[in-house]
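Keep the structure open while you read.

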Amino acid sequence: MISHVISHVNERHVTLGASKARSALIPLASVLFATTACAPAERAAPAADTARKPEAVAAAALATRAGRVPFRVPDESEIKDSTVLAAVRRGRALVLATRDSLPANVGNKLRCVSCHMGDGLAPDHMPFVGVYARFPQYRPRSATVEIIEDRINDCFERSMNGKALARDSRAMRDVVAYLAFLSYGIPVGAQVEGQGIPRIDPLPGDTVRGREVFSGTCTVCHGADGQGTTVAPPLWGPHSYNIGAGMARIRTAAAFIKIAMPFDKPGTLTPQQAYDVATYINTRSRPDFARKASDWPNGDPPPDVAYPT
């Protein structure tokens, strides 16, 4: 079992080069082999504990890693293989022009960098930097251990209200190559400074106040009707993200708005204003998500999920 996990992770780090792949695997292997030392005790445990899949063991081991590393955008000169470089460049092009490049997979007017600001390279703005190194990862929404391809397809099916990429497609391989490149030098399972978005304490949002904030601050880019313009995407309606998207959660939207909006003066809204406008936006109509009933199967949804589970 352990050799299967090591082999799987080694394959996923092939683009890092042999020496970097080995350095990433050494701490993982040590944790995994330490786990096997407890095999007799595990055999005496309940069946639910002993039937764990190799992916679950690997994810649990990765989750025990501690420490943070500096935010760093690698340079293309670090890629020594011309074929890998071409794939990385194609992957970057896909996340920058997602809808134009993959119209069969994008069902709205968003692209990857509509949410991952600064072309996915800005700290604290949901950057792509370091994401690859945090997978495999247990995610409670699916109650499974997911790999990076699962996370990519979540965005296609939810945030872009579209269709999943085939896992063996060139587009998927190129996007994965680009994300792997943006994790060059980052230890597997490490936390990166500036990853995600800074959270803000929950506040009760008010749609009336939110509409006022939206009218005075957001319409210049998103339009008076919230349906977007040439410079910013729709925030509700048929061409926006669906209710299964992470941005459909008010707490997530409020945190994003607080750090990133308005685009020309980010960070100028108060936490209350961010919650008010997030509440206003996310109580407007938007596309449904057909598989929402399967989310959070363990009955542990967050309090701001946009639909009953």
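In helix H12, the buried residues are Ala274, Tyr275, Asp276, Val277, Ala278, Thr279, Tyr280, Ile281 and Asn282. Buried here means under 20% relative accessible area, while exposed means over 50% and partly exposed is in between (1.4 Å probe, protein chains only). Helices (H or I, at least four residues) and strands (E, at least two) are DSSP runs, numbered from the N terminus. That makes 9 buried residues out of the 12 in H12, so the rest of the structure largely encloses this helix.

What do the buried residues of H12 pack against? Their partners are helix H10 (207-222) and helix H11 (250-260), with contact meaning heavy atoms within 4.5 Å. The length of H12 (residues 271-282) checks out too: at 1.5 Å a residue it should span 16 Å, and its end C-alpha atoms are 16 Å apart. That expected span is 1.5 Å times one less than the number of residues.

## Where the model comes from

This is a predicted model, in which local features need pLDDT of at least 70 and side-chain atom pairs count only at pLDDT 80 or more, whereas totals for chains, interfaces and linings use all residues. Residues are numbered from 1 along each chain as its sequence is written, and side-chain values use heavy atoms, with hydrogens and water left out.

## The whole chain

Stepping back, the protein chain has 12 helices and 4 strands. Of its 309 residues, 47% are buried. Take the contacts with a separation of 6 or more: 69% of them join residues 24 or more positions apart.

Two cis peptide bonds are worth a look. One runs from Phe135 to Pro136, with omega near 5°, and Pro136 sits in the loop between helix H7 (98-101) and strand S2 (137-139). Another runs from Met261 to Pro262, with omega near -10°; Pro262 is in the loop between H11 and H12.

Then there are positive phi values in residues other than glycine. Asp124 has phi near 70° and belongs to the loop between H7 and S2; Asp124 is partly exposed, at 29% relative accessible area. Asn161 has phi near 45° and lies in the loop between helix H8 (148-159) and helix H9 (170-181). Asn161 is also partly exposed, with a relative accessible area of 22%.
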